[in-house]
Every structure is written in C-alpha cells, then in structure tokens.
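Here are my notes for anyone opening this one for the first time. Have the sequence and the model side by side as you read.

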Amino acid sequence: MKPVAIKPGVHWVGAVDWDRRNFHGYSRSPMGTTYNAFLIEDEKNTLIDTVEDRFAHKLLCNVAHIMEPAKVDYIVVNHVEPDHSGALPELVKACNPEKVFCSPMGEKAIKEYYGAQDWPIHVVKSGESLSIGKRTLHFLETRMLHWPDSMMTYVAPDKILVSSDGFGQNIASSERFTDEIDQRDLEVQLARYYANIVLPFSSVTLKILDQVAKSGWDIDMIAPDHGLIWRGEGVGYAVEAYRRYALQKPANRAVIFYDTMWRSTEKMAHAIASGLADAGTPVKVMSLKSDHHSDVMAEVFASGAVIAGSATHNNGVLPLVSAMLTYMKGLKPQNKIGAAFGSYGWSGEALKDMTEFMVGMHFEMIEGVRAKNRPGHDQLKACVDLGRRVAQALQAKVAAV
Amino acid sequence: MDKYVCNVCGYVYDPEEGDPENGVSPGTSFDKIPDDWACPVCGAPKSEFAKEE
Ligand SMILES: Cc1cc2nc3c(=O)[nH]c(=O)nc-3n(C[C@H](O)[C@H](O)[C@H](O)COP(=O)(O)O)c2cc1C
Ligand SMILES: [Fe+2]
Ligand SMILES: [Fe+2]
C-alpha cells in the first residue's frame, strides 16, 4: 500500500501483512495485520515507529514516496517489540537520523535488541515534549501496555494520538480508517486483540485512560500501530470500549470449553449448554480440538461464566485443557463465574484439578459434575441442572452490577 | 511506611493497601513481604523494587 496522508503533512507509511495468521506466535489473526508507521513533514521530519523487519523495504519505499530517507531527522520509537522496531536498524542506516527518541525502558530494550551503541538515542519521559517545528510531540509512557517500554505520542496541533499497541486491531486492509470497514469485523478484532494481549494489564489500562483524559489533549484521531485509525466518532468509541474492556463487568453469556477422548465429556458439555440456554444465558460450546486457544480466549473475555470440561487422563486433565487453563490464567480474566465437569473411568481427578485451577484465578465457583464412564440420564440431568445453576448465578451477578 | 516502586513497570506498592489478591494483607511493610512475592502487574521479583523518593 502506498502512503496515505492522514492529515496535511502527516502520512501513514506502514506495511500491510495480508497473510499473517499467527500473531506473535501464539494468537490467531484471521484477518491478517498491519504495522503502522507515520511520517511527519516539518522543520524536523519525524518518523514515528517502524514495521516488522521483513517489511523494512516497504517502509523505506513509502518514506521515499514522501521524501528522501536521508531527510528524516528524527525517529520516535514508541515500542521496541520487533513488530514495530524490527526495521529500525535498516531505517537508522538509511535515514541517518539526528536523534532517536524513546522511553527510559525503550533505551534499554533498543540496546539489548540491536546493539545500537552509536545511535543518537535521546530518552524522553512522560510529560516531556519536543518541538519539531510547527508541531510539538508530547510523550506519555504507558509501561506494561503491554511491554515495559511502551509509550504513546500525541501530535499537536494535529490532534493525533499515536497509541502504539493500545486500541489496535489485527486487520489487513486497503482502507486506513475504522469508519471505512465493516463495523462488526472491527468490533470483533478490537475485542480479540484486547482479550489476547492487553487483558492482563487492565488495571494499567484504566490508569492510562485517566492520564490521557487528564492530559487535556484534544484528540480527534487515534492512530494505533496495528490495523485501522480511529477518527471522528471512532475516537470516543475506542476509548469507551477500552474502558469497558478494562472494567470487565460480567455479561450474561457463557462459554464451555472441553476436550474428550470417547465423547462422554462432550455429551456433558452439550447438556450443560442446554441448561444454560433454557435458563436464558447464551452459550458457546468450544471443543479444544477444533478451536484455537486464542479464539476460546476471545469468548472467555466476552463471557461472565467459564465452564471447563475434561475427561480424566493419567490422573489429571487432558493436555489441551491444561494448555487452555494455563493460557487463560496468564491473561488474568476477572469477575468470572466458573464451573468444571468431566467423565472419568476409575480415579477421576480432572474435576478437582480444573476446579482448583479456577479457584486460584479467583473465579466464583459453582460445584461441578462428574460422570463415570458413559453419562446416563441422571447424570445428564445433573449437567442440565449445572447449566441452570450457572445461568442463575450469573444473571444475579449481572443484575447486581 | 515507605512505598516501593517496580523498576520494570512502575507499579507502586503501598503498604497501606498491601496486595490482598496475592496474600499480602494491608499494613504489611515492604520488607515483611515474602521473598517469593512478585510484582502483581508485570511479575518482576521483589529485588526489582526501589523505595519511592
Ligand atoms: C504478549 C507477550 C507477553 C509477554 N510476557 C512476558 C512476561 O510476562 N515476562 C517476560 O519476561 N517476558 C514477556 N514477554 C517477552 C518475551 O518473553 C520476549 O520477547 C522473548 O525475547 C521472546 O522470545 P522468543 O523470541 O523466543 O519468542 C512477552 C511477550 C509478549 C509478546
Ligand atoms: Fe507490542
Ligand atoms: Fe504490536
């Protein structure tokens, strides 16, 4: 994609990764992704962020459409993760910038990643600003959203917040603005990104949202490093969505994930789902053999109740369930009702293991169901009843918020 | 009692609040926190914390 002027003198010069399906090596990105970088023409020509290393040539080519790379005076590095800084060594070489700006944590990371002993690095802290001519850049450290080095840059007077990984979505497209694409796709990808990457830092997110609100910045564009740019009403939408995500208020919706050997646990999953649905709680049933852990996680994030199922396997849970639980625990979801279930043949430890795991995550647990070998009528009834009990508890919880 | 700041992520440990989620009750001074406690935001070890000036 060619450069796009997002404001007079401010150009998108990033790269579109159309066929990326595995984001960061662990999360699915069904719509691909984008690495956004922005070039500002001013007395000091400034490039904000770069792209993954294998797209360095695209970035350079886009920069060259606007100006000779050697004319870039400043590079601002908001985030050192390789999807945004991978092209940095090549850009530093081509542009030979007068200064490279980054956060205090960014300096350490740049040196660790790239050596960079002779780069003209200048550290900027939260609250500092930098005049580049007609414009002033304001910096806000956003440590742990989602790496220690993360920072955002506000471009005045253009009213653009370059937000790094915050407010991003994994979408590859020929459009550059969120209002130009299908809104349901946008919503799904925004939430999915939050659920799989930002979720553990929800308390940090709330603080940063407050800092942004208090900064007095007039923002009419939020330009994240992945996906499309928010403008107009989209800005309020994105900020409101992030606040809602970070608060993690319970929703009347449930997800059941499970793994099974001989389908007894699967039968139980379906019975629990029918109990939930009968009692008025929409539910999604996900087999861990069919659904990727990051897809399940997006449902966990959207659901007030999480129900895990596993057959007992070698005195514990099946490996896919164990992986899912570990993945979920790392993302620290809050305010969930939990339950567990499963079939077993003789010793039956899976139920206890899953329950303990979720207790450790501070889930509010509803007592689960275990069935020996093939669940009979009574046991399936107990599963339907478990679904009902979860639905009732969840609906009471939602009503109490 | 002194507050302590995490070098890695900037989280501030406030003894008045403690970290009840992770078993540190309110009123616990920083040096009384168990050695295996880690920053609740980024997971950095206790040794990454410095007294807030
Ligand atoms: C989403 C995400 C979460 C991470 N969480 C941690 C973490 O909690 N602690 C840590 O030390 N490093 C964390 N890292 C950093 C990676 O461990 C680091 O980038 C490492 O060098 C990656 O190794 P690899 O190149 O073999 O994947 C995280 C990275 C990502 C992308
Ligand atoms: Fe990142
Ligand atoms: Fe990123």
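1. On a 1 Å grid over the protein atoms alone, a cavity is a set of points where a 1.4 Å probe fits but cannot get out, while a pocket is an open set with protein on both sides within 12 Å along at least five of seven lines. Residues count as lining when they have an atom within 4 Å of a point. Grid points are joined across faces, edges and corners, and a volume is the space filled by probe spheres set on the points.

2. A word on what you are looking at. This is a predicted model, where local features need pLDDT of at least 70 and side-chain atom pairs count only at pLDDT 80 or more, while totals for chains, interfaces and linings use all residues. Residues are numbered from 1 along each chain as its sequence is written, chains are lettered from A and ligands numbered from 1 in the order in which they are written, and side-chain values use heavy atoms, with hydrogens and water left out.

3. Back to the second largest pocket. Its lining is made up of 21 residues, and those nearest its centre are A191(A), R253(A), A298(A), F301(A) and A302(A). Two or more lining residues come from each of helix 5 (183–198), helix 7 (233–247), strand 19 (283–287) and helix 9 (293–302) of chain A. Helices (H or I, at least four residues) and strands (E, at least two) are DSSP runs, numbered from the N terminus.

4. What classes of residue make up that lining? There are nine nonpolar, two polar and 10 charged residues in the second largest pocket. Ala, Val, Leu, Ile, Met, Phe, Trp, Tyr, Cys and Pro count as nonpolar, Asp, Glu, Lys and Arg as charged, and the others, Gly among them, as polar. Domain 1 (4–247) and domain 2 (255–400) of chain A each supply at least three residues to this lining; the domain bounds come from an automatic or database domain assignment.

5. Now the largest pocket, with about 860 Å³ of space. It has 30 lining residues, and closest to its centre are K332(A), Q334(A), E21(B), N22(B) and P40(B). Helix 6 (residues 202–214) of chain A gives the largest share of the lining, four residues. By class, the count is 14 nonpolar, nine polar and seven charged. Where does the largest pocket lie? Both domain 1 (4–247) and domain 2 (255–400) of chain A give residues to its lining, so it lies between them.

6. On to charge pairs. A salt bridge here is a side-chain nitrogen of Lys or Arg within 4 Å of a carboxyl oxygen of Asp or Glu, and the structure holds 27 of them over all chains. One to look up joins D295(A) and R28(A), at 2.7 Å from N to O. D295(A) sits in helix 9 and R28(A) in strand 5 (residues 27–28), both of chain A, so this pair ties together parts that are 267 residues apart in sequence.

7. How accessible are those two partners? Buried means under 20% relative accessible area, exposed over 50%, and partly exposed in between (1.4 Å probe, protein chains only). D295(A) is buried at 14%, and R28(A) is partly exposed at 31%.

8. Two further salt bridges deserve a look. K71(A) pairs with E68(A) at 3.8 Å, N to O; K71(A) is partly exposed at 45%, whereas E68(A) is exposed at 52%. Salt bridges with shared partners also join D17(A), R20(A), E52(A) and R54(A) into one network. Within it, the closest N and O atoms of R54(A) and E52(A) are 3.6 Å apart. R54(A) is partly exposed at 45%, and E52(A) is buried at 16%.

9. Finally, please check some backbone details. The peptide bond between L145(A) and H146(A) is cis, with omega about 0 degrees, and H146(A) is in the loop between strand 13 (136–141) and strand 14 (151–156) of chain A. Another cis bond runs from A156(A) to P157(A), with omega near 5 degrees. P157(A) is in the loop between strand 14 and strand 15 (160–164) of chain A. K159(A) is also placed in the loop between strand 14 and strand 15, and its phi is positive, near 65 degrees, though the residue is not glycine.
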